[in-house]
Amino acid sequence: MTNTEWLPNVILADADFLDRVAFDLTVNFERMIGRRIEAADLPHWLDCIALDGGLRPGDNRIQAIFLHDRNRTALEHFRPSDFGKELDGQAFKDNLGEFQLHSFGVEEIVSKADFFTESLSALLEAKETRRIMVVADMDDYGERVKRAVASTEGKDITLFAMQPLTGRGFAQEILGYSLMSALGIRGEELG
């Protein structure tokens, strides 16, 4: 990712973690609400993450970067899902702006935790990037993510997790809310 041209707004996501959380929510909520839940709408989820990360409608440029195990070719619980054919190098435009999608398979020579935190560090150092929205496996390598953002100044950073986080230098949002919306789970179904 060293030759990547960074945009002002970047969503950096651990795609394997994201897919696992979507699966867990699907299984749990299908039992709870008594209906089948379809795959999550990826563009809708990206909109939710961008809004939760502080972006407002306008002519924004947003980069969505999905890091995944090199042996995985697709997300299992999202549509569109194929990293090579449907996501990498694709874009879409809506009321928030233009989203440019990229996917990177993590090679065996480096752990995903290392690759993710190195990618995050590059974003934190990039002068072009002002807003960073991070979806990381906080249980696995979250302390490294929090250390990286703690000393960063001049950037709006939002960490998305399934439970509250402690630390400084970032805002936080609960990842489950955006996923529930993208999965089509409505609040009235939960009452």
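These questions and answers walk through the packing of one predicted model. Local features need pLDDT of at least 70, side-chain atom pairs count only at pLDDT 80 or more, and totals for chains, interfaces and linings use all residues. Residues are numbered from 1 along each chain as its sequence is written, and side-chain values use heavy atoms, without hydrogens and water.

Student: How many residues does the largest nonpolar core have?
Tutor: A nonpolar core is a set of buried Ala, Val, Leu, Ile, Met, Phe, Trp, Tyr and Cys residues joined through side-chain atoms within 4.5 Å. Buried means under 20% relative accessible area, with a 1.4 Å probe and protein chains only. W45, L46, F66 and L175 have the most contacts inside the largest core, and its residue count is 38.

Student: Which helix gives the most to this core?
Tutor: Helices are DSSP runs of H or I, at least four residues, and strands are E runs of at least two, numbered from the N terminus. Elements that each supply at least two core residues include α1 (15–33), α2 (42–52) and α6 (175–182). With eight residues, the one that gives the most is α1.

Student: Are α1 and α6 roughly parallel or roughly perpendicular?
Tutor: Axes are lines fitted to C-alpha atoms, for helices over the stretch in contact, and angles run from 0 to 180 degrees between N-to-C directions. The axes of α1 and α6 come within 10 Å and cross at roughly 65 degrees. Angles of 65 to 115 degrees count as roughly perpendicular. The pair is therefore roughly perpendicular.

Student: Which residues of α6 meet α1?
Tutor: Contact means heavy atoms within 4.5 Å. From α1 come F17, L18, V21, A22, L25 and F29. Their partners in α6 are L175, G176, L179 and M180.

Student: At what angle do α2 and α6 pack?
Tutor: H44, W45, C48, I49 and D52 of α2 make the contact with L175, S178, L179, S181 and A182 of α6. The axes are 8 Å apart, and the angle is about 145 degrees.

Student: Where is P80?
Tutor: The peptide bond from R79 to P80 is cis, with omega near -10 degrees. P80 sits in the loop between β4 (78–79) and α3.

Notes:
Buried means under 20% relative accessible area, exposed over 50%, partly exposed in between (1.4 Å probe, protein chains only). Angles under 35 degrees count as roughly parallel, over 145 as roughly antiparallel, 65 to 115 as roughly perpendicular and the rest as oblique.
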